[in-house]
Amino acid sequence: MDEEIARAVEEVIRTRRTSLLVDQDQPVDPGVVQRLIGSAIWAPNHKRTWPWRFTVLTGDARRRLGEAFAAVGEELDMDPIKVEKQRTKYLRSPVVVLVWVTGDPSEVRRREDRDATAAAVQNLLLAATANGLASYWATISDDFYPAARELAGLDENHDFVALVYLGHPSTAVAVPPRPVPDVAWLS
Ligand SMILES: Cc1cc2nc3c(=O)[nH]c(=O)nc-3n(C[C@H](O)[C@H](O)[C@H](O)COP(=O)(O)O)c2cc1C
């Protein structure tokens, strides 16, 4: 790989930011989303278990996710303000991707598969950045896992890893400084 490409890759890594400052009315080309997922799956994966699964939510499916979570919140007597927020939360970006990891009887394999899937999520975010899209890795309450699985049509053998918002950026995001990493060199 030549020097220019190497610098461009590093630039993408360093400029990716968690951002929901997106144009809600500008759809993301489904072909692009498919390509980002196609890049995500090039993550390293011990034993080649291919443990990741993706659910892409657009249009009304985003509202159905929020309604499903709000129903769970009501059932569990969660703070009503938070419950109401759930209803519209996932409409903030035109695309929401749920990322799952399949289960494995071995604890070691489960851990490695989750690590591999987290690496796939980062690939997805970097590919989004490279394609000029804003992205945002979010998590959801454990209480919502069953409802999310039901909407996605997945069984209990799938663990939630990430909810990724994707959209065309409406505003540039400032890059905050990162602390210097703690690195020990041994020789
Ligand atoms: C496993 C994981 C879960 C995250 N969940 C949330 C979340 O629920 N809400 C949120 O605002 N950010 C979430 N983030 C994003 C971080 O807050 C964000 O990466 C951090 O603030 C650093 O900002 P940057 O990504 O722009 O460098 C999550 C990140 C990771 C890796």
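**Salt bridges, ligand shell and chain ends**

Glu-10 and Arg-7 both sit in helix H1, three residues apart, which is about one turn of the helix; helices (H or I, at least four residues) and strands (E, at least two) are DSSP runs numbered from the N terminus. The model is predicted, so local features need pLDDT of at least 70 and side-chain atom pairs count only at pLDDT 80 or more, while totals for chains, interfaces and linings use all residues. Residues are numbered from 1 along each chain as its sequence is written, and side-chain values use heavy atoms, with hydrogens and water left out.

A salt bridge here is a side-chain nitrogen of Lys or Arg within 4 Å of a carboxyl oxygen of Asp or Glu. Side chains of opposite charge can pair when their charged atoms come close. Glu-10 counts as partly exposed because its relative accessibility is 35%, and Arg-7 is also partly exposed, at 42%. The classes are buried under 20%, exposed over 50% and partly exposed in between (1.4 Å probe, protein chains only). By the salt-bridge rule, the count for the model comes to ten.

Other salt bridges connect separate elements. Glu-74 and Arg-87 meet through their side chains at 2.9 Å, N to O. This pair links distant parts of the chain, 13 residues apart: Glu-74 belongs to helix H3 (residues 59-75) and Arg-87 to helix H4 (residues 80-89).

Asp-159 is partly exposed at 34% relative accessibility, and Arg-149 is buried at 12%. Through shared partners, salt bridges join Glu-67, Glu-74, Glu-84 and Arg-87 into one network.

Next comes the ligand. The residues around the ligand are Arg-16, Arg-17, Thr-18, Tyr-136, Trp-137, Ala-138, Thr-139 and Arg-178, each with a heavy atom within 4 Å. Polar contacts (N or O pairs within 3.5 Å) give more detail. Oxygen atoms of the ligand lie 2.8 Å from a side-chain N or O atom of Arg-17 and 2.4 Å from a side-chain N or O atom of Tyr-136. At Trp-137 the backbone takes part: one of its polar atoms is 2.9 Å from a ligand nitrogen. Taken alone the ligand exposes 620 Å², and the protein buries 53% of that.

The last topic is the chain ends. Met-1 lies in the segment before helix H1 (3-15) and counts as exposed because its relative accessibility is 84%. Together with Ile-5, Val-9 and Ile-13, Met-1 forms a nonpolar surface patch of about 420 Å² accessible area. Such a patch joins nonpolar side chains within 5 Å, each residue having over 30% relative accessible area and no salt bridge; areas come from the Shrake-Rupley method with a 1.4 Å probe. Leu-186, in the segment after S4, is exposed because its relative accessibility is 80%. Between Leu-186 and Met-1 there are 185 residues of sequence separation and 28 Å in space, C-alpha to C-alpha.

Key:
Patches are made of residues with over 30% relative accessible area and no salt bridge: like charges are joined within 9 Å, nonpolar side chains (Val, Leu, Ile, Met, Phe, Trp, Tyr) within 5 Å. A polar contact is a pair of N or O atoms within 3.5 Å; within protein, one must be able to donate a hydrogen and the other to accept it, and residues adjacent in sequence count only if both atoms are side-chain atoms.
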